[in-house]
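Dear colleague,

Please find below the structure that I am handing over to you.

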Amino acid sequence: MSQNLSSRILHSIKWTTTATFAIAAMQVGYSALMSRLLTPADFGLVGMAGVVLSFGSYFAQMGLEQALIQRTELSDDDVRVAFTVSVLLGITCTTILWFAAPIVPLYFKNPHVVPILQVMAVSLLITGLSATAVSLLKRRMAFETLSKIEVASYIISYGGVGLGMAFRGHGVWSLLGATITQGILLGILAYWNVRHSIRPLFSWSVFKPLFAFGGKVSVISFLEFLGANLDQLFIGRLLGVRMVGIYNRAFMLVYLPVHNMTTSIARVLLPAFSTLQNDRKQLCQSYLTTLSLTSYVVLPTCVGIATTAEPLVKVMLGDQWLEAIPIVKIVAFVVGLNMLSTFGGILFESLADLNFKLGLQGSYVVVQALLMIYASRFGLIGLTGAMLVGEVLRHIAYLVAGRRLLSYSFFDIVSTYLPAVVTALVVGSVSYGLTVVFTGSGVPALVQLLAHILLCGFLLIGMLTVSINRPIRMQLDEHVLSKLSFLRHARPFSQMRLTVAKVRVRLAQIIQRKLLGSMVGNLPGTALRSLEEVWGWEAVKPHVRTMRTLSAPTTQYYNFPEHYPPYFRRYKAFEARLAYWLCDVCVAPDNGLTWLPNADYVLSESIGDVRRLMGWGNVMPHLHLLHSRRPTQLAEAGLVVAAAPSPFFHWLFETLPNLLTALELAPEVRILIPTQYPAFVHQALELRLGSSFNQRIIIADEPVRIPNLLLLQTEVDAGFVPPIAVEILRATYIPNYEQLPSGYRDIYISRRYAPRRAMVNEVELENALRERGFEIVYCEKLSFAEQIHLFSQARTVVALHGAGLSNITWAPKGLRVLEVFPNGYFNDCYARLAIQLGFAYSYATCGQVQGRTASGTISVADVVARLPNAPQAIGLAPVLQ
């Protein structure tokens, strides 16, 4: 989608949204006043007549409005023919309805509907005169002008004519006066802004393509009319005019706010989707984004209306409409699904794929009629429930059929609706709880309604901070908060936002891991994309200068003893190691995540394994989104490489080798690090850079936009150490490794001061090992250089599973390793590392039960017996259960 089209769509949506919400606010007041001035029978009569009028309107327009919008090229003759046919159809349908009105009571069994219908039939002629001008405004996406026209015409017709007539006692005729007046004003003002030719012209060659598309649209619209009005047709026939009035008011009470929220988007989508009809990939993205954003507002709103039905009806309609309360609860979901299905219909129209839509709508009418016939025995509630079942089936059909056109997956649909469904459940649960609290309390209905509105609104906004709603937040942040420039420069606001986000991330990690397990805890919705995958995309090419293969793919075999359990993994294929020279990219210093300025995905080369996005240790991958994807421009014009901190194992084997390689590839490269980082990061880099450390470091506390970045691919499988990584580390920090003498120090790495994976009787084990000449080491108290020096002299290492075991990298040949696993925990990463380095490896366990807290009591005698110098053979560890 071009930037120009995107801007026009956003501008159009802004104006249509402004207009619809302005009209919605006026409709609320108008509906509340008219409901008190008129009777249910008055609304029932207009509802009956409206059903018949809608029947005629689909033939009065013949889909010419959509045909004018959808056509790629439009000539003056097209406009003249469309106007001529619209006027002729308007005259014809008005005449037919006027003379056919007397037979309508044969169905509705109410003669009072005849004069109402005859007067309302005039609106078909008015529509025929104005339809072409309105269509041209929509085609030009002149929604600012159209929105102003609609607001002005509504104020005059409904606020002036309608209410004026109602206060003067004209009853049902006040509803007709408002409707007809608005149609006249809309037509006059639309034509005033378009000034198209009104000279009659009828040419079959010009009309045929318009009719080919518009005719199908008209038939589909007629079927949609039948489906949408089966409720009132059945209710009017079976239950009478009063029940139609109650249903009509219940329906409109929900329809107006929900319709006004979606119509501003729907009106823009047909011309916008039509523009993208040849770009299916972009069309798919736009369609799913529209569904996601709209459903996030519509579904929670509908749930809120359902749980607030009683005070809503009492305040908006009055006590004479209490019978509408249970109907409102069901209609809320009917209307919500109906509005979302509208987008599916627009999709098929924009692609001119009308045969399917025709078949779907025809099937829907048949199924809906059968459901209504069956449900009629249950009265008004049963008929309303049948409408809900029909809407569910139709919406599912649109989603399934959309896959044929856009090739989206089932996961895409789940991702699209999941934020809205979760938010709706939360809003509904809290709103229902508030309803229970208010029951029997004597609190006025108005106070109850306001409390519900405030609470549900707060929840709807507050739920945006939950990680599952991050895609929604990103879209809103980009299109709404980006306009509030004063917030971007408010430093206290930025710090507060950062602090709140950190708390939110931590709470989300805790809650999600408890509910779903650690493997899905706080997994973000942001997609990962590989540079190899997107290299050829036009939007990506300007950001990639070159790529170099640093090492070829390799396969590593880990020669564990045959009796070791199968979860000691024995093979690993390492991919080729690649380096990318990128320009104008964004980087989060806290975690190294890298993305393109206008993209909604992270480059997988910067993160490697998706599990890193789960918040390991001090890694907080969500923070790159806190600043609305508008990073600070970095002044440094030279080459930069990111050095994101991470837990010691991952830093040592994944990040540090890449940094050392970057310094070899580009000796003057500068290193980006965050404000806060572990001491070992500073120490390791200072060992390599020496006195130039401070001059080579760039510190940033928020995401930055970097002109030139060197990105080295991170290993995909966390926990597997590429052989090249060990070679780089040893070449840098122990260049004479091959000349190291045999080790002579026996070391026990204690975790007594570690917060996790502790051992209950570790002090007892330390004392036993100290008696046998072992040195007790607390790695967190040693500098990076001290750890290298210590372990380069090691002969034996005994340790509870933990990051300290990474230091066996520095040990000389002949090292013997005994690893102790806490109860309920197993990870073979250090076992693989030891075998890969050619060391002797064995293990012991604190107990035999998996799935419990990672701690436990070790048998000191068992560990001592397994020491390499003990008579018992190495490697006879008990099998983990």
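In this predicted model, helix H12 passes helix H17 in a right-handed crossing. H12 spans residues 280–307 and H17 residues 410–438; their axes lie 8 Å apart, at an angle of about 20°. The two helices are therefore roughly parallel to each other, since angles under 35 degrees are counted in that way. The contact of H12 with H17 is made up of 14 nonpolar residues, nine polar ones and one charged residue.

Turning to the aromatic side chains, the whole structure contains 18 aromatic pairs. In one of them, Phe 568 and Tyr 843, the ring centres are 5.1 Å apart and the planes stand at 40°, so the pair is tilted. Phe 568 belongs to the loop between strands S3 (554–557) and S4 (571–574), whereas Tyr 843 is in strand S17 (residues 840–845); the pair therefore ties together parts 275 residues apart in sequence. Phe 568 counts as buried, at 0% relative accessibility, and Tyr 843 is likewise buried, at 1%.

A further pair, Tyr 733 and Phe 784, is edge-to-face, with centres 5.4 Å apart and planes at 75°. Tyr 733 lies in helix H26 (residues 723–733) and Phe 784 in helix H28 (residues 784–791), so that distant parts of the chain, 51 residues apart, are linked. Tyr 733 is buried, with a relative accessible area of 14%; for Phe 784, also buried, the value is 1%.

Finally, two arginines lie over aromatic faces: Arg 730 is 3.8 Å from the ring centre of Tyr 737, and Arg 832 is 3.7 Å from that of Phe 720.

With kind regards

Note on methods:
Residues are numbered from 1 along each chain as its sequence is written. This is a predicted model: local features need pLDDT of at least 70, side-chain atom pairs count only at pLDDT 80 or more; totals for chains, interfaces and linings use all residues. Side-chain values use heavy atoms; hydrogens and water are left out. Axes are lines fitted to C-alpha atoms, for helices over the stretch in contact, and angles run from 0 to 180 degrees between N-to-C directions. Helices (H or I, at least four residues) and strands (E, at least two) are DSSP runs, numbered from the N terminus. Angles under 35 degrees count as roughly parallel, over 145 as roughly antiparallel, 65 to 115 as roughly perpendicular and the rest as oblique. A crossing is left-handed if the near helix is turned anticlockwise from the far one by less than a right angle, and right-handed if clockwise. Ala, Val, Leu, Ile, Met, Phe, Trp, Tyr, Cys and Pro count as nonpolar, Asp, Glu, Lys and Arg as charged, and the others, Gly among them, as polar. Rings of Phe, Tyr and Trp (its six-membered ring) pair if their centres lie within 6.5 Å; planes under 30 degrees apart count as stacked, over 60 as edge-to-face and the rest as tilted. Buried means under 20% relative accessible area, exposed over 50%, partly exposed in between (1.4 Å probe, protein chains only). A charge sits over a ring if NZ of Lys or CZ of Arg is within 6 Å of the ring centre and within 35 degrees of the ring normal.
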